Amino acid sequence: MKKTYKIDVDCANCANKMEAAANETEGVKSATVNFMTLKMIVEFDEGQDPKSVMKQVLKNCRKVEDDCEIFI
(Lines give C-alpha, C1' and ligand atoms only; values in the text may rest on other atoms or scores of the structure.)
Protein backbone atom coordinates (compact mmCIF):
# COMPACT_ATOMS: atom_id res chain seq x y z
CA MET A 1 0.00 0.00 0.00
CA LYS A 2 1.27 3.47 -0.92
CA LYS A 3 0.20 6.71 0.75
CA THR A 4 1.16 10.34 0.23
CA TYR A 5 1.66 12.72 3.15
CA LYS A 6 2.09 16.48 3.27
CA ILE A 7 5.28 17.51 5.04
CA ASP A 8 6.81 20.71 6.37
CA VAL A 9 10.59 20.89 6.04
CA ASP A 10 12.96 23.86 5.63
CA CYS A 11 15.55 22.73 3.07
CA ALA A 12 16.39 20.05 0.52
CA ASN A 13 19.15 18.63 2.71
CA CYS A 14 16.69 18.22 5.57
CA ALA A 15 14.27 16.50 3.19
CA ASN A 16 17.04 14.03 2.26
CA LYS A 17 17.64 13.31 5.95
CA MET A 18 13.90 12.71 6.45
CA GLU A 19 13.82 10.34 3.49
CA ALA A 20 16.74 8.33 4.85
CA ALA A 21 15.16 8.15 8.32
CA ALA A 22 11.82 7.03 6.87
CA ASN A 23 13.48 4.31 4.79
CA GLU A 24 15.18 2.94 7.93
CA THR A 25 11.86 2.65 9.79
CA GLU A 26 10.48 -0.83 10.36
CA GLY A 27 7.34 -1.40 8.30
CA VAL A 28 8.39 0.95 5.48
CA LYS A 29 9.11 -0.75 2.17
CA SER A 30 10.22 2.52 0.53
CA ALA A 31 9.88 6.24 1.12
CA THR A 32 10.50 9.20 -1.15
CA VAL A 33 10.51 12.85 -0.07
CA ASN A 34 9.99 15.59 -2.64
CA PHE A 35 11.15 18.94 -1.27
CA MET A 36 9.66 20.92 -4.17
CA THR A 37 6.12 19.62 -3.59
CA LEU A 38 6.56 19.12 0.19
CA LYS A 39 5.25 15.56 0.00
CA MET A 40 6.40 12.19 1.26
CA ILE A 41 5.30 9.04 -0.55
CA VAL A 42 5.51 5.93 1.61
CA GLU A 43 5.03 2.34 0.54
CA PHE A 44 4.36 0.06 3.49
CA ASP A 45 5.39 -3.55 4.01
CA GLU A 46 2.61 -6.12 3.62
CA GLY A 47 0.28 -6.25 6.63
CA GLN A 48 1.54 -3.07 8.32
CA ASP A 49 -0.79 -0.47 9.84
CA PRO A 50 0.10 2.81 8.08
CA LYS A 51 -0.97 5.01 11.00
CA SER A 52 1.25 3.30 13.58
CA VAL A 53 4.18 3.04 11.15
CA MET A 54 3.90 6.75 10.33
CA LYS A 55 4.05 7.65 14.03
CA GLN A 56 7.41 5.88 14.15
CA VAL A 57 8.49 7.53 10.88
CA LEU A 58 7.78 10.96 12.38
CA LYS A 59 9.68 10.04 15.54
CA ASN A 60 12.69 8.88 13.48
CA CYS A 61 12.56 11.97 11.25
CA ARG A 62 12.57 14.26 14.27
CA LYS A 63 15.79 12.59 15.46
CA VAL A 64 17.57 13.95 12.37
CA GLU A 65 15.52 17.12 11.84
CA ASP A 66 13.74 18.23 15.01
CA ASP A 67 11.49 20.87 13.43
CA CYS A 68 10.09 18.73 10.59
CA GLU A 69 6.42 17.87 10.42
CA ILE A 70 4.47 15.11 8.71
CA PHE A 71 0.72 15.60 8.50
CA ILE A 72 -0.64 12.12 9.20
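# Reading a predicted HMA-annotated chain

Q: Which residues does the UniProt annotation "domain: HMA" cover?
A: According to the UniProt record, an unreviewed entry, "domain: HMA" covers residues 1-69. The model discussed here is predicted. Over residues 1-69 the chain is 39% helix and 30% strand, and the end C-alpha atoms of that stretch are 22 Å apart.

Q: What does E1 do with E4?
A: E1 and E4 pair in the antiparallel sense, over 3 bridges. One of the pairs joins Asp8 to Glu69 in E4.

Q: How many residues lie between E2 and E3 in their hairpin, and what is found in the turn?
A: The hairpin of E2 and E3 has 4 residues between the strands. Leu38, in the loop between E2 and E3, has a phi near 55 degrees, a positive value in a residue other than glycine. Leu38 counts as partly exposed, at 28% relative accessibility.

Q: How do the side chains along E3 divide between the two faces, and which are buried?
A: The side chains of E3 alternate. Met40, Val42 and Phe44 point to one face and are buried.

Q: Taking Val42 as a case, what is Val42 in contact with, leaving aside its neighbours within four places in sequence?
A: Val42 lies in strand E3 and counts as buried because its relative accessibility is 0%, against a cut-off of under 20%. Its contacts, with those neighbours left aside, are Met1, Lys2, Lys3, Tyr5, Val28, Ser30, Ala31 and Met54. Val42 and Ala22 are 20 residues apart in sequence, and their C-alpha atoms are 8.3 Å apart in space.

Q: How is the length of helix H2 checked, and what should its 15 residues span?
A: The expected span is 1.5 Å times one less than the number of residues. For H2, residues 50-64, that gives 21 Å. The end C-alpha atoms are 21 Å apart, which agrees.

Q: Which residues of H2 are buried, and what do the buried residues pack against?
A: An α-helix has 3.6 residues a turn, so residues three or four places apart point the same way. In H2 the buried residues are Pro50, Val53, Met54, Val57, Leu58, Asn60 and Cys61. The buried residues of H2 pack against helix H1 (12-23) and against strands E1 (2-8), E2 (28-34), E3 (39-44) and E4 (69-71). Gln56 also lies in helix H2, but Gln56 counts as partly exposed, at 33% relative accessibility.

Q: Where is Thr25 found, and is Thr25 buried or exposed?
A: Thr25 is found in the loop between H1 and E2. At 3% relative accessibility, Thr25 counts as buried.

Q: What does Thr25 touch, not counting residues up to four places away in sequence?
A: Thr25 touches Val53, Gln56, Val57 and Asn60 on that count. Its side chain makes a polar contact with the side chain of Asn60, at 2.9 Å.

Q: What is the accessibility of Cys61 and of Cys11?
A: Cys61 counts as buried, at 0% relative accessibility. Cys11 is partly exposed, with a relative accessible area of 28%.

How values were computed: Residues numbered from 1 in each chain as written. Predicted model: local features only at pLDDT ≥ 70, side-chain atom pairs only at ≥ 80, totals over all residues. Heavy atoms only, no water. Buried < 20%, exposed > 50% of the residue type's maximum accessible area, 1.4 Å probe, protein only. Contact = heavy atoms within 4.5 Å. UniProt positions renumbered as here; feature names shortened; annotations may be inferred. Pairing = 2+ DSSP bridges. Polar contact = N/O pair within 3.5 Å; in protein donor to acceptor, adjacent residues only side chain to side chain.
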